[in-house]
Amino acid sequence: MDTTPSDSTHLSWANVGLGFSFILLNAFLSTSLNLGIGGSLVTSALRCIVQLAIVGLVLQRVFEANNPWAVAGIACLLNLLGTTEAVANKSKKRFHNMFPMVLFSMLGSTIPVSIIGARYAMAVDPFWKPEQYIPIMGMLCGNTISGVVVAVAYVLKEMYDNRDKVEMYLAFGASRFEACLPIAREALRLALTPTINQMSVIGIIAIPGMMTGAILGGSSVEQAAKLQMVIMFMLSASTALASIATTVTTLATVVDNEHRVRPDRVDVRDHAIWRARNWLFGKIVGTLKCVGTIVGGCCCWRRKEVREANGHRTGEPLLG
């Protein structure tokens with residue numbers, strides 16, 4: 001049987017535009033039902049288009065170069081961007097030094113898991129083949145971010161909003177490890193639940209994208225299924241490692257060495273990036289309003305001069 005992909009798999013921007021119409025339909029339904037997510041849907045879809053277009057251009061060059069240093073740079077960049085997304089966009093609460101801690105947790109989980117999984121579980125030699133390693137790293141980063149965000153959000157919510165129980169344990173002589181253990185367990189359970197649910201329904205209820213892509217790329221269904229098994233196990237391991245690391249570092253930050261809860265180390269404000277953006281937008285809007293007021297005043301003064309000149313010529317009485 002011929003397994004070569006057909007020409008129908010080559011898509012144009014017209015196909016992308018047709019797919020974008022589904023987002024417009026969702027936005028219309030959101031507006032009609034007053035859900036308030038229409039703007040977010042369209043914005044996210046536009047970000048998706050721009051980001052994937054840029055990634056396509058960059059990865060094409062990396063694939064052609066076939067350079068291990070370029071692959072390493074892309075892997076580090078993916079982790080850096082993922083950390084930025086987790087800290088700046090996804091987290092409503094943050095703790096001191098959150099960015100470097102999350103970054104090290106991401107690197108410490110995705111890099112070893114991707115190398116070991118690609119080289120031994122997937123039998124890729126060398127493991128850094130760009131067309132195989134970079135997609136694996138992208139999937140690991142995307143799944144790991146979700147777990148990290150869920151774990152950190154739960155820990156900070158409990159330690160900032162509901163810290164009475166922990167303080168009671170500490171007051172009765174419990175160590176910070178003993179007092180925070182229930183919170184850590186629940187945070188990790190919540191972080192790993194989506195991955196567990198995904199593995200439990202994959203294949204029978206849902207056919208994953210990686211398996212579909214491998215089949216469309218010409219692989220046999222059996223090989224595609226085995227590849228998806230390995231990928232899912234790698235995703236689970238990476239998410240677990242990163243979630244454990246971030247949960248421990250978060251608890252170690254908000255409960256200090258003196259066994260005291262430190263809510264002052266939790267920041268509930270918008271991230272500094274968005275505060276700077278709002279300040280800049282406020283300055284721009286204020287400047288535009290000031291310029292508009294000045295221009296409006298000049299126009300009114302000019303119209304008054306014209307009316308006075310016309311009144312003097314015609315001898316008509318001036319009003320106002």
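Analyst: K90 and E85 form a salt bridge, and their closest N and O atoms are 3.6 Å apart. A salt bridge here is a side-chain nitrogen of Lys or Arg within 4 Å of a carboxyl oxygen of Asp or Glu. The model is predicted, so local features need pLDDT of at least 70 and side-chain atom pairs count only at pLDDT 80 or more, while totals for chains, interfaces and linings use all residues. Residues are numbered from 1 along each chain as its sequence is written, and side-chain values use heavy atoms, with hydrogens and water left out.

K90 has a relative accessible area of 47%, so it is partly exposed. E85 has a relative accessibility of 19% and therefore counts as buried. The cut-offs are under 20% relative accessible area for buried, over 50% for exposed, and partly exposed in between, with a 1.4 Å probe and protein chains only.

E85 has another partner. R47 also forms a salt bridge with E85, and the closest N and O atoms of that pair are 3.6 Å apart.

In domain 1, 6 residues are in contact with 9 residues of domain 2; contact means heavy atoms within 4.5 Å. About 540 Å² is buried between the domains, and carbon and sulfur atoms give 74% of that area. Buried area is the accessible area (1.4 Å probe) that two parts lose on being put together, summed over both.

Salt bridges occur elsewhere too, and the structure holds 8 of them. One joins the side chains of E222 and K226, at 3.2 Å from N to O. Both residues lie in helix α9 (residues 221-254), 4 residues apart, about one turn of the helix. Helices (H or I, at least four residues) and strands (E, at least two) are DSSP runs, numbered from the N terminus. E222 counts as exposed because its relative accessibility is 52%, whereas K226, at 41%, is partly exposed.

Another salt bridge links R262 with D256, whose closest N and O atoms are 3.3 Å apart. D256 is buried, because its relative accessibility is 6%. These two residues belong to a network of salt bridges that also includes R260 and D264.

Helix α9 also holds V230, which counts as buried because its relative accessibility is 19%. Apart from neighbours within four places in sequence, V230 is in contact with A121 and M122.

Most residues other than glycine have a negative phi, and most peptide bonds are trans. A123 is in the loop between α4 and α5, and its phi is near 55 degrees, a positive value in a residue other than glycine. The relative accessibility of A123 is 61%, so it is exposed. P126 lies in the loop between α4 (98-121) and α5 (130-161) as well, and the peptide bond from D125 to P126 is cis, with omega near -5 degrees.

N97 also has a positive phi, near 60 degrees, and is not a glycine. It is found in the loop between β1 (94-95) and α4. At 54% relative accessibility, N97 counts as exposed.

L25 is placed in helix α1 (residues 13-33) and counts as partly exposed because its relative accessibility is 46%.
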